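Visitor: I'd like to learn how to read a structure like this one, feature by feature. Could you take me through it?

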Amino acid sequence: MGTDDATNRRLWRLVGPVVVGAGVAVAAALWLIKDYGSLALFLPLPTVLVTVCGYMRIQIRIRSAIHGSSPVSAVIVVAAVFLPAPFVILSVAVGKLADQLLNVAHVPVKISFNVGKEVLNGTAAALAVAALGFQPILVTADRTGPISDALAATVLASVGYFIVDELVSKGLFAMLTRTSYRQRLFADWGLLAVVQAGAFIIAVATVVVYHVNHWLVLILPLLLWCIHLASGNRVRARQGNEAWQRLAEATDEFNSVDQTAVLHAAVRKAADLFSTDEVEVQIRPQAGEARLVRSNGRDILYDGHPDDAPPAAGFVIPIGLESYRGDADLGELRLRFRAPVKLTEREGYTLHTFAAALCTAIRNASTFAETQRLADSHARAAAQDPLTHLANRRKLQQYGDEALATGIVGVLLIDLNHFKEVNDTLGHSAGDRVLITVGERLTAAVREDDLVARFGGDEFAVILANLSAPALAEMRAHTILDALAPPIQLDDMRISVEASCGVTTASGGTVGELLRRADVALYQAKQDGQRVVVYAHARDTADIGTLTLGGDLARAVAEGQFVVNFQPIVDLATGQVIAAEALTRWHHPDRGDLAPDRFLPAIERSGQLSAFADAVLDQALIAVSQWADAGHDIPVAVNVSPRSLLDPSFPDAVARRLAARGVPSSSLVIELTESITLSKLEVVDDVLAALRDQGIRLALDDFGTGFSSLATLARVAVDELKIDRSFVAAMNTSAPGAVVRSTVDLGRSLGLVVVAEGIEREDQRQQLWELGCPAGQGHLFARAMPADRLLAALRRGHDGQPGCLAPPLHDTDTVIRLPRNRRSRRAGAAEPGQEWVP
């Protein structure tokens, strides 16, 4: 029980009626006892037994208070069957008072409640026997009678005792735990049943033994002790089982990767698990930001920096948040009680287990948060120019595609005239300052829904969104260039900046095509010495060629001019081929081999896209079937056009092709391009879901280069990530290297296959493998080749090893010393100087 005045006043609301009721019962017993004469000689026996039962308690801790259960109920029930009601009431009152004075701290409210409750319990048991019309055994003249009547009286006495004890005790427990009375009334029925069953058995055994032979009652104390010990062991065993079950339930809530959810669950569950008044968790800065969370089991009382937390009083049991191996001390878990408490051995072990599980959960949440932070940082870096902090090409392409879907869009491509002279004369530092100033002026000159980007060097681009008319783009271009006219102050010098601008507009198509047209217009502006030039179709020879290609598409599909080559994807460690990527070329009869970027826009604008996709997919599946027949089960990765994913019938077409060629769906990988990842249309999600339902795997191509790659990864369930060749080529520089490392770590944490593109040197292969990248492709292993040539290469293998295109990085059973930065990230990392054996 609480010892503060407020708690005592609240408890007296329950204790008062209990004490008054018990006093009335005792007064009535004193008035009636004179009617029983010599039977008063039996009064000391139950009184002594009630007192002795105080030394046989089964103790249960609730917060900082210790509550006990003893076989006193058996003594009272037996007394109710053998003795008149007044004897029962008085023996209970005197015996319980003696027990409390001898065994319990002298707290008035506690003594008053315990004595009063037991008197009411005894009164209920005696009245239940009287209600049956049963005369107590020692009251009858011959002290004998049918045993069935005695057993019935025993049952009624036990029921009466049980009902009153539960009603009163659970009221007290509800006050102590600050829970509803209804909730406490139906709690802990299992433990209660064990204790009451033991008491009932003792009472029944006493009645039976007495009817067999009066003298056998002398062995009753021994029987009482044995049954009580058995009940105590059952109670403790049940408490232990329930504690482990609650521990498992508590640690199940640590599966979240959100640190707040983990900490809030920890303090709430610990308060219930260890029956505390308050629980708090404090984490150190190495686990994230220093933080303290405090709860009373129901509400979060505080969540913030430890220095700002309000003071908390009470007895504290602290434990460090360490892993199961005793390392990674991330903070401290504290159990707080109003009074001193000593945990049992079981509770101590449970506390250590709980703290270790919490440590692991906090570490996992911190690792996930850091991974997310790095991924967000990389995403921003991938979408931002590092010098001017303007958008880069990828961000502009994403924004432009979104703007094209809503209206007329203008694209300005701006190039600074004679900028090279600034760098050569004043140095690159001065040139950087000029570029930063130009970026700031361009940003100030555009509207809120426009976007300014830097493409590198001295080239800038502007997206003009939601134009009301195409002609406004040229007018806006002149206004924007006027913002660059004022001289730029560089130390003691004033520099004038001049620029040329190419302009184009459209209400459809792709940003890539608009940029190409703007580049054509910019080239014309520089050639003609004009400030602003608007794109003209007639002067775009490249566009005329594209239109000509569009007329050749139908014949190209019919004659099979589109040819698929395959570049193998290998296991970086073993050199074994594990997949192949299909790369399409157009063998044009007049123009030779054309790369996809030359003809795909024309195909997407024509009505030949479906036929083209079928032709490419069919060639890829034929190759897979041929390889499988030769004993090489190699899946093939096929890029799909973004427009194919806008066709709801595309999954059915793929299924038909798979069935026609007898190829399992698991042998096909669909690679998603950047324009697909930027799409958030419902039809695209439905098409991707249908493909996955067939068992087809999805790969996210050029991961890390797109602004929304991470958002897409969260939205689309993919199986593979492909690192763009530009990051592999510049892997030894800081930003690209960080992107490669974070992509590999992200893929490993999400269980995705990571494939690096553009591997051209052995040192790149070695470095990628050491970072944990399992697979790659590039000219180091093989260029793209026809299916039959790849099959021949697989048969021939490397050094007579079929299926291998490169020697393994290390011989079998070789001891490998990995870079320290990798070991430190692995679970169970070796100490410096140790080695790893793969």
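Guide: Start with the surface: the protein chain exposes about 39400 Å², and carbon and sulfur atoms supply 56% of that. Accessible areas here come from the Shrake-Rupley method with a 1.4 Å probe, and for residues only the protein chains shown count as cover. Keep in mind that this is a predicted model: local features need pLDDT of at least 70, side-chain atom pairs count only at pLDDT 80 or more, and totals for chains, interfaces and linings use all residues. Residues are numbered from 1 along each chain as its sequence is written, and side-chain values use heavy atoms, with hydrogens and water left out.

Visitor: What percentage of the residues in the protein chain is buried?

Guide: Buried means under 20% relative accessible area, exposed means over 50%, and partly exposed is in between (1.4 Å probe, protein chains only). Of the 838 residues in the protein chain, 49% are buried.

Visitor: Which residues form a nonpolar patch on the surface?

Guide: A patch takes residues with over 30% relative accessible area and no salt bridge; nonpolar side chains (Val, Leu, Ile, Met, Phe, Trp, Tyr) are joined within 5 Å, like charges within 9 Å. Here the patch consists of V155, V159, I163, L167 and F200, with about 390 Å² of accessible area together. Helix α6 (residues 147–177) gives the most to it, four residues. V159 lies in that helix, α6, and is partly exposed at a relative accessible area of 40%. Helices (H or I, at least four residues) and strands (E, at least two) are DSSP runs, numbered from the N terminus.

Visitor: How many salt bridges are there?

Guide: The rule asks for a side-chain nitrogen of Lys or Arg within 4 Å of a carboxyl oxygen of Asp or Glu, and the count comes to 27. Take E280 and R294, whose closest N and O atoms are 2.8 Å apart. E280 lies in strand β3 (residues 278–283) and R294 in strand β4 (residues 291–295), so the pair ties together parts that are 14 residues apart in sequence. E280 is buried at 3% relative accessible area, and R294 is buried at 7%.

Visitor: How far apart are the closest N and O atoms of R476 and D450?

Guide: They are 2.4 Å apart in that salt bridge. R476 belongs to helix α15 (residues 472–482) and D450 to the loop between α14 (428–445) and β9 (451–456), so this pair ties together parts 26 residues apart in sequence. Both R476 and D450 are buried.

Visitor: In what order do the strands of the open sheet run?

Guide: Two strands pair if DSSP finds at least two bridges between them. Five strands form this open sheet, ordered β9-β10-β8-β13-β14, with mixed pairing. Its edge strands, β9 and β14 (532–534), each pair on one side only. β9 and strand β10 (residues 459–467) pair in the antiparallel sense over five bridges, and G456 stands opposite E459 in β10.

Visitor: Which helix lies across β8, β9, β10 and β13?

Guide: Contact means heavy atoms within 4.5 Å. Angles run from 0 to 180 degrees between N-to-C directions, and axes are lines fitted to C-alpha atoms, for helices over the stretch in contact. Helix α12 (residues 393–404) lies across those four strands, running at about 145° to β9. α14 packs on the sheet too, touching β8, β9 and β10, and its direction makes about 5° with that of β10.
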